[in-house]
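The points below go from domains to overall shape and then to the neighbouring chain.

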Amino acid sequence: MAGKILLEVVTPEKQLLSQQVDEVIAPGSEGEFGVLPGHCHFLSALKVGELRYRVGDQTSHMVILWGYAEVTPTKVTIMAEIAEKAEDIDVDRATEKVEEAERRLQAGGLPSEVKEAQISLEKARLRKKIAERTRKAGHA
Amino acid sequence: MPSLQSLRRKIAAFKNTQKITKAMKMVAAAKLKRSQDRILAARPYAHKMRGVLSNLSQRVNRSAHPLLQKREGKKIEVLVVTSDRGLCGGFNGNIVRRSAEFLRQCESRGLEVNVSIVGRKGRDYFRRRSWPIRQEWTGVFDKLSFEHAIDIGGDLTDKFVKGTFDELYVVYNEFKSAIQQRVIVEKLFPVDAAAEFGAAPTEGAVSGGYLYEPDEADLLNALVPKHFQVQTYRILLESAAAEHGARMAAMDGATRNAGQLIKKVTLYYNKTRQAAITKELMDIVGGAEALK
């Protein structure tokens with residue numbers, strides 16, 4: 001398949017990315033999906049997860065927290081509530097957040113509070129994971 | 001001829017005013033910078049959202065979602081977005097004039113029109129003219145956040161679904177540049193396809209073969225209300241940035257005018273003072289002559 005796809009990532013705060021890429025893998029609400037050029041039209045909700053995109057043999061990572069993805073044969077638009085590039089995540093802060101969320105989960109409380117704590121733990125773990133991996137890759 | 005003392009007082013007063021307008025200009029410039037950054041950052045998201053939704057609205061069955069339904073446009077709601085504070089030149093005047101014109105147009109077509117208002121200035125205007133105001137939000141611009149958009153957007157969506165009105169128009173100032181604002185009348189409900197969105201759905205000319213995940217109904221339920229919140233947010237940000245821009249320009253003008261006034265009155269003051277001195281001198285000389 002010739003050509004590339006245009007990947008655009010926007011959040012309410014800013015336009016994070018607009019780049020020609022070869023492949024995108026995004027965390028859909030029903031499971032991860034991969035997009036190559038020429039993908040059919042597709043609209044999906046996104047959950048908390050990792051967005052990967054590949055240019056040549058260089059793969060980059062990004063954290064996505066909810067949102068929507070619109071896929072057309074030539075373009076992928078990611079509208080995320082929150083999105084962060086892996087390079088921009090502060091590992092120490094992410095670790096701190098994991099611990100905080102774990103503490104909150106331990107403390108228990110109302111079901112809604114527990115649910116919230118679980119979500120923020122999931123979020124924090126993911127950010128930590130991605131950030132650590134990127135950092136390692138950077139040092140290697 | 002005004003006395004020297006009264007002229008001195010006048011000059012002092014002008015200088016004070018100039019100080020105030022200068023300070024207001026500085027403050028507006030700082031705020032403008034911040035709100036400008038925000039609107040420029042928020043625009044891509046809002047526009048993408050709108051593109052997706054307009055693509056979607058062409059493809060899906062409109063009656064599938066209450067917010068996409070098109071009804072006979074009998075009852076019209078106009079949301080007028082003004083500022084809370086004055087001293088920003090023609091900012092509020094333009095908005096209010098444009099919306100009054102729009103309201104009259106609608107009424108002459110025999111439509112039922114209602115007004116909702118954001119901002120103290122617009123509220124005051126319509127209250128003075130005893131227009132019925134359905135709903136008002138004031139003080140949102142002090143600390144503008146997405147919460148406000150959820151509040152306002154949510155309220156309007158509810159009313160649309162309930163059938164309080166069939167069409168919603170928003171009148172607001174669009175931020176074009178720091179010194180330029182444009183009054184815009186935009187139709188928010190119901191979502192219109194191509195005509196409204198211009199060239200956005202170019203690549204959306206596909207029929208069928210469109211996949212949704214999760215299914216269409218769930219997605220619409222989540223996406224459509226979100227879209228209106230995002231659009232409301234964008235509109236509020238546009239208006240905030242435009243307001244600061246307008247105020248900066250107005251205060252810059254005021255500072256310059258004050259400077260001119262000061263110059264003029266100072267010149268007059270000096271002339272008067274010199275005339276008085278000359279007169280006194282002539283008196284003295286005249287008196288001395290007479291003694292000889």
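1. A word on domains to begin with: their bounds come from an automatic or database domain assignment. On that basis, chain B is split into domain 1 (4–21 + 251–291) and domain 2 (34–250). Their centres, taken over C-alpha atoms, are 53 Å apart.

2. Please keep in mind that this is a predicted model, in which local features need pLDDT of at least 70 and side-chain atom pairs count only at pLDDT 80 or more, while totals for chains, interfaces and linings use all residues. Residues are numbered from 1 along each chain as its sequence is written, and chains are lettered from A and ligands numbered from 1 in the order in which they are written.

3. How do the two domains touch? Four residues of domain 1 of chain B are in contact with four residues of domain 2 of chain B (contact means that C-beta atoms, placed from the backbone, lie within 7 Å). On the domain 1 side, these residues are two nonpolar, one polar and one charged. Here Ala, Val, Leu, Ile, Met, Phe, Trp, Tyr, Cys and Pro count as nonpolar, Asp, Glu, Lys and Arg as charged, and the others, Gly among them, as polar.

4. Chain B has six helices and six strands, in the order α-β-α-β-α-β-α-β-β-α-β-α along the sequence. Helices (H or I, at least four residues) and strands (E, at least two) are DSSP runs, numbered from the N terminus.

5. For overall shape, the C-alpha trace of chain B spans about 115 × 40 × 30 Å along its principal axes.

6. Among contacts in chain B with a separation of 6 or more, 77% link residues 24 or more positions apart.

7. Turning to chain A, 20 of its residues are in contact with 20 residues of chain B. Helix H1 (4–59), strand S6 (211–213) and helix H6 (216–291) of chain B each supply at least two residues to that side, and H1(B) gives the most, with seven residues. The chain B side divides into 16 nonpolar, one polar and three charged residues.

8. Strands also meet across the two chains: strand S5 (residues 42–46) of chain A and S6(B) run parallel, joined by three bridges. Strands pair if DSSP finds at least two bridges between them. In this pairing, Phe42(A) stands opposite Leu211(B).
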